Amino acid sequence: MKKNSVLAQHNKAGWIFATPGFSLMVLFIVVPFILAIVFSMTNQRLMSPNKAEYVGFENYANMLDLGVLVVGPKVDANGSVLLDKNGEVQYPKLRKFTRNNPDYPNVQGMKEWFSFTWGDKKVAIMASDLVFLKALINTFTFVLFVAPLQGALALVLALLINQPLRGIHIFRSIYFMPVVVSIVVVSLLWRFIYDGQNGLLNNALSTITFGYFEPVDWLGNPDTALGSIMAMSIWQAVGFHMIIWLSGLQTISPTLYEAAKIEGASSWQTFRFITWPGLRNTAVLVLIVITMQAFSLFAQIDVMTNGGPLDSTQTIVYQTVERGYGKQDISGGSAMSVVLFLIVLSISLFQRYLTREKN
Amino acid sequence: MKITKKLALTMLSASALGSTFVSTSAVATTNLSMWYHGAGNVVEARIINQIVNDFNNSQSDWNVVLESFPQGSYNDSVIAAALANNLPDILDVDGPVMPNWAWAGYLQPLKIDKTKIADFLPGVKGYWNDKLYSVGLWDAAVALITRRSILNDIEIRVPTIDSPWSQQEFNNVLVKLKATGKYDYPLDLGLAWKGEWFPYAFSPFLQSFGGDLIDRSNYKTAEGKLNGEDAIAFGEWWQELFSKGYSPGNSQDPADRDNGLIEGKYAMQWNGNWAALNIINKFGDDVLLLPAPDFGHGSKIGAASWQLGVSSTSAHPQGASEFIEFALQDKYLAAFSDGIGVIPPTKSAAELTKNYKKGGPMAVFYDLSKAQAMVRPVTPGYIVEAKVFEKALADIADGADVEDTLDSAVDEIDADIQRNSDYSH
């Protein structure tokens, strides 16, 4: 009993010490999050004299509605199919069906997401908020590439700098430097590097290939824009994760390595059976942190591309900000951030499940 | 414990006494807070401070206290302050944004006699629902900036305000300039500048084609205006500027935007009066400031720049309006013009300036403003219309399908208007 009361006393002090931190977290994380859920069910505006009204799941529906439109090919007066110059079947423009056409109420106002041909018919998957869906796909693409590549690269760097060499601190600082610089500054600098006219990257590639390399407008081309931003993002944050890996590496007991040496293990065997198992918890942390950071991709987009060209670099967070503040549609922005929260939550739960302690 | 309590009480009462003392001594004048977007611009700050000092010294009722913000975060600061019910008495507002703020209840109509601003340029008068909410101390205008020698080189006539280039003539100019091979691009439209530059600089082209951002007869829909035949013709012309290599696209280097014309990378530039001074200093009399081409419905440019207004929460609208009226004196309008190159809003102020007086090197901007300037749609929905238009133009420049893109833009604008109960139109 006495022991308990001592614990309780300590608890009390603990709670008092934690209160400032907790209240700030509640104020700036929990409250806004609850507000986001509430706003996403209304038509709340950033500024408006009109009162917000409850609209149920309308914001979610506007964002996620999909439709299917099947159209036949264009035919001439005799009923035979019209072909274009290249001998391809021609289809009518979809705007005929989606704009003010009472015969097709289910695709009213929708845009074509993608389409394929089925027999001689064209099947188009339609979306009411095409930009959001593109943002969703881009964000997932970004995470799928950045999380493993950044994690692996950071591990390689950590292994390289975890050696007792003279001057290793210089390398540690060099690799870590981009992390210290603000992402906005880094983005501005990389815009010059990626410049299509006389950027550093094009000049370097052209010099290396003796002028054979055709300059690429890295950020202005829909095929290269997202990849360019990925490469730059990986480079910028890799140092941070390198440090986490490094701290993980240094918790592994040197005696294990000595034993491995005595046993005559190769360096691959050492890594496979000592280093990697020793890094298990670090790996879980690094993976989850990178995934969550990658989902919140915003500053690079805002500074470098504004979501363009042709929506190839739209991301969920950029769209959230654009909609909530730029277009003053707080409810739409809130709905997006709730969707993003659910995605990130389910992915981290899934990662936790995959990396759980198996007994 | 007791001692500290006592000490605290003494300190509190002392400071309370102190503040009573200060407020009683200052009872004769009332403080008016003012927010301004020009932080970081030394010349602008000097002039606005001068006006505030002159006003404070000219009478004993009011004392204006100025606070400056950087332009980039100014609108956000105002919105945040409004949500927190913490607006200053006097604030400045970008002309096209004013109806939105007035509609949202951030501004109140000015108590200024309309005859006082009768001969001001139309662009600087901020009317919404027939009430004057804001007045500008200057206007801005855009022109095609090029050099006489460049046009002589390709044997093209110099257009005038009365007889601008037609679309065909303009296209011919681009073709000929491109054929010389001397320039990276014949025309620099400035796509490196994002944001408000797009609707400000490029929607007049659309209007000259016969389209618009919105149907101005009721401000309730963009259908038929932003995706009608005229607008599609504009969109296709716009796309060709980039697909045929007449103008650098969205990924233009901002440094080239600033210096490309001076360095000879571009032959012509679509740019504002604020940029003309540098070019005139470099090329002198050779510089031409030309009107926009006439695409069928007259040559047009945008109007309206930053303006002063009074917040709805101000307890002293009379004093705030008095300050704004004080700032509208010709000598201040001329000082801004000389200092930062903007267009003075009255003819009499223009005569006091070195650039805009009769025969001055930039006088043509005043004439352009007077003859062709068209305000952006005066509606609270403009904020969204501007964003949607910007994205549509950027996408079309990148090669998106013109009709589909304009349709999407119309849908988004119309949906926004509906969700806002027609913005009280």
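This is a predicted model: local features need pLDDT of at least 70, side-chain atom pairs count only at pLDDT 80 or more; totals for chains, interfaces and linings use all residues.
Where does Asn306(A) lie? Asn306(A) sits in the loop between H12 and H13 of chain A. Local features need pLDDT of at least 70, side-chain atom pairs count only at pLDDT 80 or more, and totals for chains, interfaces and linings use all residues. Residues are numbered from 1 along each chain as its sequence is written, chains are lettered from A and ligands numbered from 1 in the order in which they are written, and side-chain values use heavy atoms, with hydrogens and water left out.

**View 1. The loop between H12 and H13 of chain A holds Asn306(A) and Asp311(A).** Helices (H or I, at least four residues) are DSSP runs, numbered from the N terminus. Helix H12 covers 299–304 and helix H13 covers 316–326, and Pro309(A) is found in the loop between them. A cis peptide bond joins Gly308(A) to Pro309(A), with omega about -15°. Asn306(A) is not a glycine, yet has a positive phi of about 55°. Asp311(A), also not a glycine, has a positive phi of about 65°. Asn306(A) is partly exposed, with a relative accessible area of 28%. Asp311(A) is buried, at 8%. Here buried means under 20% relative accessible area, exposed over 50%, and partly exposed in between (1.4 Å probe, protein chains only).

**View 2. Helix H4 of chain A packs with helix H5 of chain A.** H4 spans residues 130–161 and H5 spans residues 168–180. Their angle is about 160°, and their axes are 10 Å apart. Axes are lines fitted to C-alpha atoms, for helices over the stretch in contact, and angles run from 0 to 180 degrees between N-to-C directions. H4(A) is therefore roughly antiparallel to H5(A) (angles over 145 degrees). The crossing is left-handed: the near helix is turned anticlockwise from the far one by less than a right angle. H4(A) brings Leu157(A), Leu160(A) and Ile161(A) to the contact, and H5(A) brings Ile168(A), Phe171(A), Arg172(A) and Tyr175(A). Contact means heavy atoms within 4.5 Å. By class, these residues are 6 nonpolar, no polar and 1 charged. Ala, Val, Leu, Ile, Met, Phe, Trp, Tyr, Cys and Pro count as nonpolar, Asp, Glu, Lys and Arg as charged, and the others, Gly among them, as polar.

**View 3. Helix H15 of chain B packs with helix H16 of chain B.** H15 covers residues 382–397, and H16 covers residues 402–419. The angle is about 170°, with the axes 10 Å apart. H15(B) is thus roughly antiparallel to H16(B). Their crossing is right-handed (clockwise). Among the contact residues of H15(B) are Val384(B), Glu385(B) and Val388(B). H16(B) contributes residues including Val402(B), Thr405(B) and Leu406(B). The contact has 9 nonpolar, 1 polar and 4 charged residues.

**View 4. Ser228(A) is found in helix H8 of chain A.** H8 runs over residues 225–250. Ser228(A) is buried, with a relative accessible area of 4%. The side chain of Ser228(A) reaches the backbone oxygen of Thr224(A) at 2.7 Å. Leaving aside neighbours within four places in sequence, Ser228(A) is in contact with Tyr194(A), Trp218(A) and Leu219(A).

**View 5. Helix H9 of chain A lies largely in the open.** H9 spans residues 254–263. Of its 10 residues, the number buried is 1. Gly264(A) follows H9(A), and its phi is positive, near 85°.

Technical notes. Helices (H or I, at least four residues) and strands (E, at least two) are DSSP runs, numbered from the N terminus. Angles under 35 degrees count as roughly parallel, over 145 as roughly antiparallel, 65 to 115 as roughly perpendicular and the rest as oblique. A polar contact is a pair of N or O atoms within 3.5 Å; within protein, one must be able to donate a hydrogen and the other to accept it, and residues adjacent in sequence count only if both atoms are side-chain atoms.
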